Amino acid sequence: MFKQFISGVEGMDQYLIFSMIVFLVFFAGVLIYVVRMTKEEIDILSNIPLNDKETDSHE
Amino acid sequence: MTHIEKFSYDNKIVRDFGIATVIWGIVGMLIGLLAAIQLYEPAANLGNPYTTFGRIRPLHTNAVIFAFVGNAIFMGIYYSLQRLCKARMFSDLLSKLHFWGWQLIIVAAAITLPLGMTSSHEYAELEWPIDIAITLIWVIFGWNMFGTILRRREKHLYVAIWFYIATFVTVAVLHLVNSFQLPISLFKSYYWYSGVQDALVQWWYGHNAVAFFLTTPFLGLMYYYLPKAANRPVYSYKLSILHFWTLIFIYIWAGPHHLLYSSLPNWAQSLGTAFSIMLIAPSWGGMINGLLTLRGAWDRVREDAILKFFVVAVTAYGMATLEGPLLSLKNVNAIAHFTDWIVAHVHVGALGWNGLMTFAMLYWLAPKIYNTKLYSMKLANTHFWLATLGIAFYAIPMYWSGWQQGQMWKDFGPDGYLVYPEFIKTTMSILPMHVMRSIGGTIYLTGVFVMAYNLYKTVKSGRLVANEAAEAAPLLNNENHGKEYWHRIIERKPTLMLVLSLIVIMIGGAVEMVPTFLIKSNVPTIAAVKPYTPLELEGRDLYIKEGCVGCHSQTVRPFRSETERYGEYSKAGEFVYDHPFLWGSKRTGPDLAREGTAKLFKQDSWHYYHLVKPSEMTQGSIMPPYPWLTTNTLNTSQTVSKIKAMRTLGVPYPKDYEKQALSDLKKQAEKIAANLKKEGVRNKDKSEVSPDVEVIALIAYLQRLGTDISKSETTNP
């Protein structure tokens, strides 16, 4: 399957390689970002929508 | 502790956008239904220019995307942003300007599109003055949103807001880049780019309009409303961050998957495919995150229609985002592209993801802002089943039809000839599926009416809490910033967020576009390709005005099944003078790129009769009749400025050619009129066809199509 995006790229493969490297570097960055978040932070953040002190839920 | 500030949330603006959502949703879907019926019953074109398929198809797409989904986005954002920021919207005046400005733009679209004022770029059909209005209103929206974020009383930016910010930035960039047009008059312009470059820009836009208008804002909304409705936090916040950044990074690259096997340079097509496959990961990350948020709440899903809507919406998102990458594989694309398969694909997204999410939000919001209870959960459940059934009855026939017609186009007999050389046979075979699709659409629309009634009753039973009282402590700026990690800073700094999103989305766009624009060898020139004559140029503009591009492609792919049927496959160099490109994306009718060549040649009289009443020349044709083309006088008042504009854009008309353009136009028109006379064509009242009616120009254009390249070989490789 991979072949079909490489074939026909003739000489232009630098674009593909360049873009993949850019993505991997970016992805690694985001991954580090996420891994370094602490449990408390996550709890605070993920509860923001539920903390707006209204009569909640619609049942 | 600090003191607590009292303020209020603006619910009225939420209500206004909500009403607009329901009304435009009904309008947009009704127009879609009309267009769907026209595809098996041409009489439903209603016999006038304004309601023919070519003109109302863009009206349907614009109404549904920008009016229905657009208003739903604003409704959802205006409610959630205020709560997530613990602040009222920055300015009530900006909110009002945004609301009324947006509705005015929609009305302008609803007037200009049926009049045939279109730029022809899909999902960007509106002409330049409206483009400018969109820019202004978008700025107002962004200003209002940023003002609110900057004045927030909540330290952190919840992930939903990230999605809103990315939506704002990216839509702004997309809209600006795809709107480079040279105005000729108030409602006519030519795109700055031509041919392959225009195609690349358009599909970079088109694809990312889906990504950043139909997807990212709705993901942001999902991350707010789903936890709210389920009353539990999102399953994994970490996953939502990963989801956000990878999604916006990858999406922007995938546009070229709309141009596979076209004359776009291969490396750009390959990039599009590669990144499309990668898109599965973040998309499914988002879907799983949404569905797992409901873990432990499945018992409630059984009773609560709102949660049901969410579940099916998010599932539809997952289906559509798995199918999209599969459709980007070249071998799948070869079958599916130009067929009803793609129509099925987009409707799983539109009806399933956007539609059901919108309904869920409406059902959840209406009782909230009217301080009451939903009038009938039973009716909401009925709506849920109608919607789900409607989607199935829509999508399944379309998949079937797409597959069947795609196979028939490619079917070779044992003798090595096409089994269905007459295109119409493939059309006739799918008409039953088109009938079923319109039934599916009707079921879905019925559900919307049920919802409208239910919401109306709900609203009547309560009273709008226009200003909902709230209180929160203000944000203090003097906290210890010293030992913070960089990622915490991102979470707090909306402007940084905006800049980062901008950079992320610019990378993909730049890598794809800059080489295509700068490297000349990407578009090999063909010496035989010459600019259109003035009459052909006017004919081409009629082709754009009538929306022929909605049913006819103009690009032959390099397959034997296509070269057998249509002739030589299309080369990039053939389109260098095409402002805009007209490759199209759907073959409801046959490809017309080679219509004028010997292989497909038809006499002028054939085209004349065919345009007046297609079914007379091709039995069973579902192409709309265009009788008005034979009575409308061709408007040549702008021909001179069109030639000049084309020259400005780089089309090599000789110096001062515009002085001669009108007499050339007349000569060519007289020749065609003489041909028609020779071939025995007469008007209804038996008079001769005048050389200055519109149909003459359109025939000139059709007869020109593809003829350049049949004269000589490609020069430069």
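Modeller: A cavity is a set of points on a 1 Å grid over the protein atoms alone, where a 1.4 Å probe fits but cannot get out. Points join across faces, edges and corners, and the volume is the space filled by probe spheres set on them.

Colleague: How many cavities of 30 Å³ or more are there?

Modeller: Seven. This is a predicted model: local features need pLDDT of at least 70, side-chain atom pairs need 80 or more, and totals for chains, interfaces and linings use all residues. Residues count from 1 along each chain as written, chains are lettered from A and ligands numbered from 1 in written order, and side-chain values use heavy atoms, without hydrogens or water.

Colleague: How much space lies in the second largest cavity?

Modeller: About 200 Å³. Its lining (residues with an atom within 4 Å of a point) has 17 residues, and B:Y532, B:E574, B:L705, B:G706 and B:D708 are the closest to its centre.

Colleague: Which helix gives the most to that lining?

Modeller: Helices are DSSP runs of H or I, at least four residues, numbered from the N terminus. Here, helix α24 (residues 707-711) of chain B gives the most, with three residues.

Colleague: Which residues form the nonpolar patch on the surface?

Modeller: Such a patch joins nonpolar side chains within 5 Å, from residues with over 30% relative accessible area and no salt bridge (Lys or Arg side-chain nitrogen within 4 Å of an Asp or Glu carboxyl oxygen). B:Y50, B:V107, B:I111 and B:L115 form it, with about 360 Å² of accessible area together (Shrake-Rupley, 1.4 Å probe). B:V107 lies in helix α3 (residues 92-112) of chain B, and has a relative accessible area of 38%.

Notes: 1 Å grid on protein atoms, 1.4 Å probe; cavity = no way out; pocket = protein on both sides within 12 Å on 5 of 7 lines; lining within 4 Å. Helix = DSSP H or I, 4+ residues; strand = E, 2+ residues; numbered from the N terminus. Patch = residues over 30% accessible without salt bridge, like charges linked within 9 Å, V, L, I, M, F, W, Y side chains within 5 Å. Buried < 20%, exposed > 50% of the residue type's maximum accessible area, 1.4 Å probe, protein only.
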